[in-house]
Amino acid sequence: MKRLALALLAFAASSAVSAEQGAPSADAPKDASTPTQSAPPAAMSHHPAAACAEAKVDCAATAVPAFAKDGRLWVAFSVGKSLYAAASSDNGATFSAPTAIATIGDGVIDAHGDARPKIVALKDGTLLASYTTRPDKQMIGTIFTARSTDGGKTFSAPQALLAEGGQRFDSILVNRKGRIYAGWLDKTHALKAKAEGREFLGSGVAFAYSDDGGKTFKGKSILIDHACECCRMSGALDKDGTPVFAWRQVLDGNVRDHMVAKLSADAAQATATRVSDDDWAINSCPHHGPSIAIDAAGDWHVVWFTKGKKRQGLYYARSLDAGKSFSEPEKFGDDARAAGHPTLVAAKGRLYRVWKEFDGATTTIAMQMSRDNGKSWSAPRVVAQTLDASDHPELIAHNGAAYLSWLTHKEGYRLMPLPRDEKSAAAPQ
Amino acid sequence: MSLATRAPRVIGNPEAINGAGFITLDSRSGLRPTGNDKNYRSLVGLRRMRLMSFAVVIALLAGGGAFAMDFKPYGRGAFGQLTKAHAGRPLIVHFWSVTCPPCLVELPQWAKIAAEKKGSDIVFVNTDSDDDRARAEARIEKAGLSGADHYGFADDFVEKLYFEADSAWRGELPFTALVAPDGGVVTVTGAVDDPLIVDWLKKHVAK
């Protein structure tokens with residue numbers, strides 16, 4: 001009996017790890033076709049809100065922004081099987097002709113939901129783009145990076161972060177000294193377990209760093225096992241310039257709650273703590289990763305989504321002791337409006353959190369601001385809305401100001417400055 | 001460069017955090033939060049055994065030809081249209097993705113239910129984009145579900161698609177909507193052996 005159970009376990013586990021690392025794949029296809037309303041089930045309306053297929057930001061499903069030192073806003077995005085970067089000198093109102101970084105022959109570029117191409121700008125003007133592909137014949141992902149040293153006119157040939165193993169959901173940070181840190185979810189241990197017929201839940205959490213502007217990454221290592229393989233990682237730089245990453249972990253009993261870990265400067269060690277005990281014991285892919293921000297005082301702030309036994313909805317907690325302990329989770333967002341995809345950012349003494357809500361017709365981005373390191377927050381205020389498909393909200397800080405970056409089908413790409421004082425933060429739309 | 005060439009061990013401050021406890025990390029063994037791992041494994045084992053005991057091999061109904069499968073487009077309004085089209089009969093709408101490992105593990109169990117519970121209509125909805133549909137088809141064949149009724153997400157406005165099935169659904173997968181003959185809907189996130197699904201099948205679907 002016991003042996004049978006083990007054999008079945010092994011079978012189940014091998015099926016699990018042969019799956020790709022979960023992506024928020026529920027998001028949408030891109031090809032266009034004619035909308036048809038009220039068709040019978042056999043011919044249900046096809047792509048009524050299809051994105052366009054041109055090589056421009058507005059046609060992408062996701063767009064991740066970065067400010068360069070010269071003040072230009074860069075976004076990385078993919079359309080079809082190609083990855084692009086484009087720059088804006090007017091805070092996202094218009095973009096230059098995009099630079100093609102790569103076109104893949106087969107498979108997909110991850111660009112839906114939690115999985116998305118990214119770009120970071122280094123102090124010397126170098127741009128570093130990263131993206132993940134999943135080739136057709138392969139059930140795992142590969143993270144690629146490409147660099148531009150001519151102001152985004154051209155990018156180097158993309159190179160795989162790792163030649164084997166299967167990786168997704170990268171998060172890249174650059175500190176003041178120019179050291180680049182990368183964190184990602186890594187299937188290497190899961191694939192090894194599968195090959196040996198052992199059960200292995202989730203992915204590993206791996207890290208690396210680069211001192212040559214992203215040409216090479218050193219110290220690539222899986223430091224933690226059993227991250228939930230379905231959600232993004234989030235990273236922020238601590239006061240000392242080393243990064244802290246947050247992700248969803250598969251804990252004992254298939255509980256998918258959140259962890260944070262601070263890396264050592266050489267990315268060789270990670271000190272991890274659990275953010276909360278929501279007790280979301282579920283054999284599913286939440287497709288909903290956390291977000292972390294660290295303010296100038298060095299306080300850590302985390303937001304996340306859960307449907308746990310103890311808590312359900314969006315929550316916020318902070319740590320005043322560098323992750324040793326976290327405050328009692330505080331609920332925000334409106335459950336009646338399917339609040340989701342929270343993210344936060346710190347900007348010059350202020351902290352912002354935004355999230356998505358949907359009432360069945362209108363998608364809104366709600367915002368709250370804190371001027372006391374997260375102790376209290378302004379009343380929620382709708383800062384943007386749309387009536388059709390949209391990307392998750394992104395936040396970005398630049399020169400002490402915070403911006404909402406949001407890509408919607410109807411309105412295209414938007415970069416919106418967030419209020420700097422509580423009075424305007426509280427003002428109705 | 002190879003991964004995990006070192007085995008750094010990190011011991012944290014053992015102070016309790018929110019009652020969650022501190023976790024000791026080790027690059028090889030991963031997280032081992034306080035103790036009942038063994039119990040958990042046997043629990044999982046029993047649960048999976050129960051599931052697997054159902055899982056007989058079902059012959060592939062369709063051949064292995066590429067793109068042979070017809071994924072009907074699932075856009076906004078689809079959920080209502082489905083419930084209307086199947087009104088008066090128990091309907092199960094199961095949402096899944098190729099990038100969701102728990103979904104793939106349980107697809108074969110859905111094949112078993114589809115074969116056993118002839119009194120119900122089961123519709124499968126793949127939430128991936130068109131780019132991933134070939135993989136979805138391969139998984140369907142592997143699970144023995146080639147002959148079932150398949151839809152594929154065909155709209156970028158996923159919030160709307162989620163909302164129509166359940167206003168509280170944010171896209172977690174697998175996700176199953178159980179629609180009773182009278183139109184009453186129960187939704188379940190996660191495993192097919194969830195008591196809600198088992199009870200619903202008992203109540204609404206005879207063998």
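Biologist: Why is A:His341 counted as buried?

Modeller: In this predicted model, A:His341 has a relative accessibility of 13%. Buried means under 20%, so A:His341 counts as buried. A:His341 is found in strand β22 of chain A.

Biologist: What makes the phi of A:His341 worth a remark?

Modeller: Phi of A:His341 is near 50°, a positive value in a residue other than glycine. Most residues other than glycine have a negative phi. A:Phe169 also has a positive phi, of about 55°, although it is not a glycine.

Biologist: Where does A:Phe169 lie, and is A:Phe169 buried or exposed?

Modeller: A:Phe169 lies in strand β10 of chain A, residues 167-174. The relative accessibility of A:Phe169 is 3%. With the limit for buried at under 20%, A:Phe169 therefore counts as buried.

Biologist: What makes the peptide bond from B:Leu173 to B:Pro174 cis?

Modeller: Omega of that bond is near -5°, and the bond from B:Leu173 to B:Pro174 is cis. Most peptide bonds are trans. B:Pro174 has its place in the loop between α5 (158-165) and β7 (175-179) of chain B.

Biologist: How do you know that A:Asp359 and A:Arg337 form a salt bridge?

Modeller: The closest N and O atoms of A:Asp359 and A:Arg337 are 3.6 Å apart. The cut-off is within 4 Å, so the pair qualifies as a salt bridge.

Biologist: What does the pair tie together?

Modeller: A:Asp359 lies in the loop between β23 (350-358) and β24 (363-370) of chain A, and A:Arg337 in the loop between β21 (330-332) and β22 (340-347), so the pair ties together parts that are 22 residues apart in sequence.

Biologist: Why is A:Asp359 called partly exposed?

Modeller: A:Asp359 has a relative accessible area of 36%.

Biologist: What makes B:Lys112 and B:Glu116 a salt bridge?

Modeller: The closest N and O atoms of B:Lys112 and B:Glu116 are 3.1 Å apart, and the requirement is within 4 Å. The pair therefore forms a salt bridge. B:Lys112 and B:Glu116 both lie in helix α3 (residues 101-116) of chain B, 4 residues apart, about one turn of the helix. B:Lys112 counts as buried at 13% relative accessibility, whereas B:Glu116 counts as partly exposed at 24%.

Biologist: How many salt bridges does a search of the whole structure find?

Modeller: The search finds 36 salt bridges over all chains. One of the pairs is formed by the side chains of A:Glu411 and A:Arg414, at 3.7 Å from N to O.

Biologist: How do you know that the buried residues of helix α2 of chain B are on the same side?

Modeller: In α2(B), residues 78-85, the buried residues are B:Ala78, B:Phe79, B:Gln81 and B:Leu82. They cover an arc of only 165° around the axis, which puts them on the same side of α2(B). Helix α2(B) lies across β3, β4 (91-96), β5, β6, β7 and β8 of chain B, running at about 150° to β4(B).

Biologist: Why are β3 and β8 of chain B called edge strands?

Modeller: The open sheet has 6 strands in the order β3-β6-β5-β4-β7-β8, with mixed pairing. Strands β3 (72-74) and β8 (185-189) of chain B each pair on one side only. Neighbouring strands of this sheet are turned by 25° against each other on average, direction ignored.

Biologist: What makes β5 and β6 of chain B a pair?

Modeller: Strands β5 (residues 121-126) and β6 (residues 149-153) of chain B are joined by 4 bridges and run parallel. Pairing needs at least two bridges, so these strands are paired. B:Phe124 stands opposite B:His150 in β6(B).

Biologist: Which residues have the most contacts inside the largest nonpolar core?

Modeller: That core has 52 residues, and those with the most contacts inside it are B:Tyr74, B:Phe95 and B:Trp96. Its largest share, 6 residues, comes from α3(B). A second, separate core of 22 residues includes A:Leu185, A:Phe207, A:Ile224 and A:Ala267.

Key
Residues are numbered from 1 along each chain as its sequence is written. Chains are lettered from A and ligands numbered from 1 in the order in which they are written. This is a predicted model: local features need pLDDT of at least 70, side-chain atom pairs count only at pLDDT 80 or more; totals for chains, interfaces and linings use all residues. Side-chain values use heavy atoms; hydrogens and water are left out. Buried means under 20% relative accessible area, exposed over 50%, partly exposed in between (1.4 Å probe, protein chains only). Helices (H or I, at least four residues) and strands (E, at least two) are DSSP runs, numbered from the N terminus. The arc is that of the directions from the helix axis to the C-beta atoms. Axes are lines fitted to C-alpha atoms, for helices over the stretch in contact, and angles run from 0 to 180 degrees between N-to-C directions. Contact means heavy atoms within 4.5 Å. A nonpolar core is a set of buried Ala, Val, Leu, Ile, Met, Phe, Trp, Tyr and Cys residues joined through side-chain atoms within 4.5 Å.
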